Amino acid sequence: SSADRAPDPAVLHSAGGFTWFYVDLVDDDGNGATVIWSWGLPFLPGYAGAARAGRAQLPIDRPSVNVVVYRDGRERFYLLSEIPREECEWSADGRSWRLGGCTFTWSDSPGQVGAAPTRALHAHIDLALPTGGRATGQLWLSGALRRDAAGVPTAVDPSNHEWTPMLAAARGGLQLQTPGGALRVEGRGYHDRNSAPRPLHGLGIQSWWWGRVALPGRDLIFYQLISPDPRAAPRDLVVELAADGSCRTSADPELQVSRLRRSTWGLRWPASVAFRDPDGRRVQVEVSSLLDNGPFYQRYLL
């Protein structure tokens with residue numbers, strides 16, 4: 001969907017629905033950070049299970065913030081905090097959010113004639129730790145807002161899943177102070193959001209592979225959606241987002257996942273992915289580290 005359109009807060013009152021805002025950063029040494037602020041995050045304990053049992057909860061009742069820092073191919077800091085509903089706020093203009101002591105704000109500035117606007121994300125992090133003390137810090141990210149080529153449709157069915165990449169090939173940083181010491185990551189950044197008024201399992205999505213490859217001046221994002229119907233072919237998408245905000249897609253990405261492995265939890269994950277970029281060039285992606293390895297969610301360094 002269009003990157004300059006404000007997200008719709010109506011999803012907060014859609015039983016079993018969700019909306020999450022995602023940022024990741026990776027520096028030149030492969031150290032990284034991920035920050036997610038959300039309502040109804042499908043990975044929260046009990047949220048998906050309640051919907052499957054016919055007791056779907058409202059996203060507005062399950063706000064959360066997730067902050068993770070990785071170093072040397074391993075998880076250095078991880079925190080997933082649920083925030084009381086009454087401590088959270090979604091601004092009327094859909095451009096700023098407060099979740100407890102955390103605030104997230106978009107500010108856009110016009111580009112030069114013919115250029116994409118610049119979007120800056122500024123966030124203040126302040127979260128209690130279950131072991132005592134707090135994690136506090138700042139998140140910032142800036143880049144050209146995604147703009148689609150003429151004739152590329154971006155309208156979506158609001159009753160279905162909406163994925164909105166906004167910034168890629170951007171620059172940003174996270175500075176975090178914890179009782180265990182200071183953590184800092186500065187580097188290449190990416191920002192998107194996902195939203196739907198229905199539970200994830202009701203969208204015809206059993207699982208997915210998603211990845212971002214940073215190349216000089218552009219990012220390549222690949223996305224494969226797996227249907228719960230074993231007879232249905234996967235839905236593949238490859239998007240190129242350049243540093244100037246321009247966007248292209250591959251007409252026939254020929255996306256293939258291979259060398260599937262099985263984790264301790266039973267999840268299957270690919271050691272490599274191959275696809276074609278919008279110019280038809282073959283891209284080979286290898287997993288260098290399995291960073292997060294949970295029972296229903298994984299994250300990798302590529």
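Predicted model: local features only at pLDDT ≥ 70, side-chain atom pairs only at ≥ 80, totals over all residues.
Stepping back, the two strands belong to an open, mixed sheet of five strands, ordered β10-β16-β15-β14-β13. The edges are taken by β10 (147-148) and β13 (207-215), each with a single partner strand, so one side of each has no neighbour in the sheet.

Salt bridges come next, and the count for the model is 24. One of them joins Arg 212 to Asp 24, with the closest N and O atoms 2.6 Å apart. Because Arg 212 sits in β13 and Asp 24 in β1 (residues 18-26), this pair ties together parts 188 residues apart in sequence. Arg 212 is buried at 12% relative accessibility, and Asp 24 is buried as well, at 7%.

## A link between two loops

Asp 61 and Arg 85 form another salt bridge, their closest N and O atoms lying 2.7 Å apart. Asp 61 is in the loop between α1 (47-52) and β3 (63-71), and Arg 85 is in the loop between β4 (74-82) and β5 (88-90), so the contact connects parts 24 residues apart in sequence. Asp 61 is partly exposed at 37%, and Arg 85 is partly exposed at 41%.

Arg 248 pairs with Glu 240 in a salt bridge of 2.9 Å, N to O. Here Arg 248 is partly exposed at 33%, whereas Glu 240 is buried at 8%. Through shared partners, salt bridges join Arg 218, Glu 240, Arg 248, Asp 277, Asp 279 and Arg 281 into one network.

Notes. Residues numbered from 1 in each chain as written. Heavy atoms only, no water. Pairing = 2+ DSSP bridges. Helix = DSSP H or I, 4+ residues; strand = E, 2+ residues; numbered from the N terminus. Salt bridge = Lys/Arg side-chain N within 4 Å of Asp/Glu carboxyl O. Buried < 20%, exposed > 50% of the residue type's maximum accessible area, 1.4 Å probe, protein only.
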